[in-house]
Amino acid sequence: MPYPVPRFLNAGDEAIVVEFGNDISLETNGQVHALAEAAEDAVIEGVIGVVPSYRSALVQYDSMRTTQTEVREALESLLEELSRQPEDDKERSSVVHVPVLYGGDFGPDIDFVAEHNGISVEEVVTLHTEPLYPVYMMGFSPGFPYLGGLSERLVTPRMQTPRVEIPAGSVGIAEAQTGVYPVASPGGWRLIGRTPLSFFDHKRTPPSLLDAGDFVRFTPLQDEAEYEGIAEQVKSGEYAPVTEARE
Amino acid sequence: MTRDAFKVESPGPLTTVQDLGRYVYQRFGVPVSGAMDRFALRAGNLLVGNRAGAAALEFTLAGPSLLALRTCRVAVTGAEAPVELDGAPVPQWQAFEAPEGSTLKLGAATDGLRGYLCLGGGIDVPSVLGSRSTYLKSGFGGHEGRALREGDVLRAGRPQLGSVVKQDEPDPAYAPYYGIEHEVRVVLGPQHDAFTDEGKFTLLNSLYTVSPQSDRVGYRLVGPTVEHSGSSDIVSDGAPMGAVQVPGDGQPIVLMADRGVTGGYPKIATVISADLPLIAQARPDDSVRFRAVTVEEAEEIRWEQEAVLLALTGFAERPSGSSYSVTVGGAAYEVVDSNGRHLSLPPDSTRQVESAAHAVRTSTGEFEFDLELGLRTSE
C-alpha cells in the first residue's frame, strides 16, 4: 500500500527522493511513474534527471541552477495536481508482446523448472505466458526490465554456479522474478526460453524496447523457423513490436 | 580543413572521453557515466574557452602522449602530473598552445588519480543518447565506446564563440591539492533510518581506507562495520552520484559515475557535490573520514567552490540564449550562427550577436576562434 502522503528524503545537494511506499505493488509503482512522467513533462528549472523505481522517484538537479527547496516545491505542486486527476486518466500504459521460443537449446533449464515445481513443461509455458507482467523499473544494465507478477508455481532458485555467458534475449527465472537478458552477460537465472527481440540498442530511437510503466506479455513461438524469421526482421530493422493498450 | 587534433602515441593505462554525463536515459537503465571529477573537467574546459561540460579526456594514474596534428589550445587539470610539450615542462590548470607537430606528453600522477586534458572546441565524438561520455561496460559513447589506443586520432569540435565570459585574470594558485587523507562531507539519507544510532556514529567517527577494488563504478571503503538496524536489503531504488551504500558486510561503498541506475542496498548518506572530486581523486590506501552537514550547508559550500572555479579559471560560462557583442580588429570576419546565418563583420567593427552557438569564419575561409586573437566578447 502507498503511504497516505509521499515522503521526501534527502539525497545530497544534487538530488531528492520522493518515496510513495515501502512495498512492491502496482498501486505504489503507478504513483511513481505518474510523478516521473509529470516531472519530465513539466520541465522543472534545473532538473536534469528522473529515475523511477519500484516505490520511489529520484529527482536529480543542477545545484547551480536551483535549490532543494525550489525543486521540492515544484514536485509538491505536481503531486497536488496529480491527486486531483481522475483515476482513469492515469492508466494509459501499453502492453508489449515479447515472442519467446521456449525449451530446447533456447531454454536449457525448462525441464529443471518443471521438475522443481512438479509440473509439465507445457504447464511452465502456459503459466509463463498467462500473466501481464508490469515493468516496475529498469536497471542493472541498459534495457533490463524488473518485471513483477510471476506465477507462484514457477518460483525456482538461481543456479549455484552462474553461467559464464548467457546469450542476449534469454528469458529466465530467479526465485520469484522473471526477466530477459538484454545483452549477452554472465548470469545465474534458470533459462526457459529466448526472444529474438532486441531489448536495447543505443543506435535506435528509442534505445529500449520497454519503458518503466509498460506491461509485458510473453507469447510462445512455434519453432526455430518462426524465431529466425522474426530475428531476421529485427536485424534488418523491419520488425515493429506488437503492442496493445491496457485497460 | 580537417579538424584532426591529436594522434595518440601512447594512451596511458585508462584514458576515456567524458563530459558531464548522460542523465536522460536512466529510466531505461542507462548509467550516467561522465567525468569522475567534474570540477577539474569544468575548470579545464573554461580555461580553453569551452562550455564547462564539453567532452575532454579523462586519464587515470598516468596520462597519454599525443602528437598535435594542428595547433591546439589545451589545458590539463585534475591530478598533478608532469606535462611536457616537446620535452619542456608546461604548468597545469593553465591554457597553452600545442603547435602543430609538437608532442604533448603527460606523465604519472603524483597527487590525485584522475587528470583531464581539455581541448579548445572539445573532443569531437558522436553524441550517443545525449552525451559524449564513454560507458565502457556496454561499449558505447566516447571514442568508439572504448578507452583510447595507440594510433587513435582525436578530432576537435568547432569552437563555440562566446561560450564563456572573461571575468578576471585566471589564478592557478586556486588549484586544488588532493593529498592522501580526505575529509569528506555528507548529507545523511536517504536511508539512514535503516541503520542503528551506533551505525551512524561509526560512519561519522571512523577512519576508512580506500580499497584497491575501487573504480569508476564505486569506491569500496574498508574500516569499522556500519551496523544496520534491520535487513541490509531494501526495495531497489535510484542512486545519485556520491550515494554511500552499505551492503550486509557493513563496509561502505561510495557510488560514482558508472554506477548502476538502481541498487538494492540502503544508502546511509550522500557525499556533497563539492566533495565528490576528493573521492574521484582518492587512491587505494588513502584514508577517508566522513562528516555530516545539512543540505543548506552543502549548497553554501558548493557556491563557495563555484567562486573558487571562477577565480581559478577567470571565466564564467555564459548563460545560453543571452546576447553579447563581438569586436574585431584588423581583418574581416563572418559569424555563423546555429541556423547557418552569416553576419559579416568588417574590420574594426562591433556587432551584437544573439546566442552562444556561433562560429567565426576568417576572411581566409577557415573556422577559427581563439580567445587571444583579438575577438573579444563583452556584455
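1. Some ground rules. Residues are numbered from 1 along each chain as its sequence is written, while chains are lettered from A and ligands numbered from 1 in the order in which they are written. As the model is predicted, local features need pLDDT of at least 70 and side-chain atom pairs count only at pLDDT 80 or more, but totals for chains, interfaces and linings use all residues.

2. Chain A has 14 strands and 6 helices (DSSP runs numbered from the N terminus: E, at least two residues, for strands; H or I, at least four, for helices). Its C-alpha trace spans about 55 × 40 × 35 Å along the principal axes.

3. How much of chain A is buried? The share is 45% of its 247 residues. Buried means 20 or more other C-beta atoms within 10 Å of the residue's own, with C-beta atoms placed from the backbone.

4. Over in chain B, helix H1 (residues 38-47) is mostly covered, with 10 of its 10 residues buried. Among them are B:Phe39, B:Leu41 and B:Arg42. After H1(B) comes B:Gly49, with a positive phi near 85°.

5. Now the contact (C-beta atoms, placed from the backbone, within 7 Å): chain A puts in 39 residues and chain B 34. On the side of chain A that touches chain B, E3(A) gives the most, with 5 residues.

Key
Buried ≥ 20, exposed ≤ 12 C-beta atoms within 10 Å, placed from the backbone. Contact = placed C-beta atoms within 7 Å.
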